[in-house]
Amino acid sequence: MASANESKQKDAADQNFDYMFKLLIIGNSSVGKTSFLFRYADDSFTPAFVSTVGIDFKVKTVYRNEKRVKLQIWDTAGQERYRTITTAYYRGAMGFLLMYDIANQDSFNAVHDWATQIKTYSWDNAQVILVANKSDLEDDRVVPTEDGRRLADELGFEFFEASAKENINVKQVLERLVDIICVKMSESLDVDPTLIGNNKNSSLAENPPAQQSSCPC
């Protein structure tokens with residue numbers, strides 16, 4: 001029986017997919033980027049993550065309208081000394097989660113700078129969601145929800161509050177980012193309409209669709 005590690009390596013090397021989206025999680029150090037990624041990719045949470053050195057990534061495959069979408073999600077270091085390394089990965093990214101910590105005013109104040117970096121280094125059509133992370137720290141909150149929503153509106157981003165620790169809105173944020181990318185693809189590229197679809201009931205799934213029977217009855 002294959003171990004979880006072997007399964008992940010196989011998923012990362014698997015070339016059998018219809019579309020691949022490169023996504024980046026950016027923001028100040030210690031806002032919870034790594035915890036957020038681990039919660040989404042592995043459904044695990046460890047309170048004592050060491051600061052990311054440089055950049056790391058995980059791969060997750062989801063299904064949308066019977067199409068296999070491979071997500072390559074990059075976890076970037078927030079420290080200034082790694083900025084040259086991390087901005088090199090902005091090229092080709094189709095989507096960003098720009099994250100701050102609701103209990104850290106400096107991380108919120110830095111959002112404008114991060115947004116400028118996205119505009120400077122990434123593809124013009126890259127989609128961004130502003131994520132107010134650590135919503136479980138309500139007693140320590142220093143950034144009101146309204147301020148986060150107002151800033152997102154100002155920057156033209158969608159907005160979510162989330163908690164990797166309590167698994168609140170983690171999956172929903174990634175699903176929404178993928179959906180926004182799909183819509184933008186349909187507007188700018190000649191892509192398979194079955195991926196994009198205008199069906200309001202279409203959604204992402206983590207398991208392949210059930211095989212349809214060819215029997216006409």
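**Strands, cores and ring pairs**

S5 and strand S6 (residues 158-161) pair in the parallel sense, joined by 4 bridges. Two strands count as paired if DSSP finds at least two bridges between them. Within this pairing, Ile129 stands opposite Glu158 in S6. From S5 the chain crosses through helix H6 (residues 145-155) to S6, and this β-α-β crossover is right-handed. Right-handed has a set meaning: with the strands pointing away from the viewer, the path from the first strand over the helix to the second runs clockwise.

The model is predicted: local features need pLDDT of at least 70, side-chain atom pairs count only at pLDDT 80 or more, and totals for chains, interfaces and linings use all residues. Residues are numbered from 1 along each chain as its sequence is written, and side-chain values use heavy atoms, with hydrogens and water left out.

Now the overall picture. The protein has 8 helices and 7 strands. These are DSSP runs numbered from the N terminus: helices are H or I with at least four residues, strands E with at least two. Of the 217 residues, 47% are buried. Buried means under 20% relative accessible area, exposed over 50%, and partly exposed in between, with a 1.4 Å probe and protein chains only.

Strand S1 is mostly covered, with 7 of its 8 residues buried. S1 pairs with S3 in the parallel sense over 7 bridges. There, Leu24 stands opposite Trp74 in S3. S1 also runs parallel to S4, joined by 4 bridges. In that pairing, Leu23 faces Gly95 in S4.

Next, the nonpolar cores. Such a core is a set of buried Ala, Val, Leu, Ile, Met, Phe, Trp, Tyr and Cys residues joined through side-chain atoms within 4.5 Å. In soluble globular proteins, nonpolar side chains tend to be buried together. Here the largest core has 29 residues, and Phe21, Phe36, Leu71 and Leu97 have the most contacts inside it. At least two residues each come from strand S1 (19-26), helix H2 (33-42), strand S3 (67-76), strand S4 (95-101), strand S5 (127-133) and helix H7 (170-188). H7 supplies the largest share, 9 residues. A second, separate core of 24 residues includes Leu98, Ile102, Val128 and Phe157.

Rings of Phe, Tyr and Trp (its six-membered ring) pair if their centres lie within 6.5 Å; planes under 30 degrees apart are stacked, over 60 edge-to-face, and the rest tilted. Phe57 and Trp74 form a tilted pair, 4.5 Å centre to centre with 35° between the planes. Phe57 lies in strand S2 (residues 55-64) and Trp74 in strand S3, so the pair ties together parts that are 17 residues apart in sequence. Phe57 is partly exposed at 33% relative accessible area, while Trp74 counts as buried at 11%. The Tyr100 and Phe108 rings have centres 4.9 Å apart and planes at 65°, so this pair is edge-to-face. Tyr100 and Phe108 are both buried. Ring pairs also link Phe57, Trp74 and Tyr89 into a cluster.

Two lysines sit over rings. Here NZ of Lys or CZ of Arg must be within 6 Å of the ring centre and within 35 degrees of the ring normal. Lys58 lies over the face of Phe38, 4.4 Å from the ring centre. The charged end of Lys60 sits over the ring of Tyr40, 5.0 Å from its centre.
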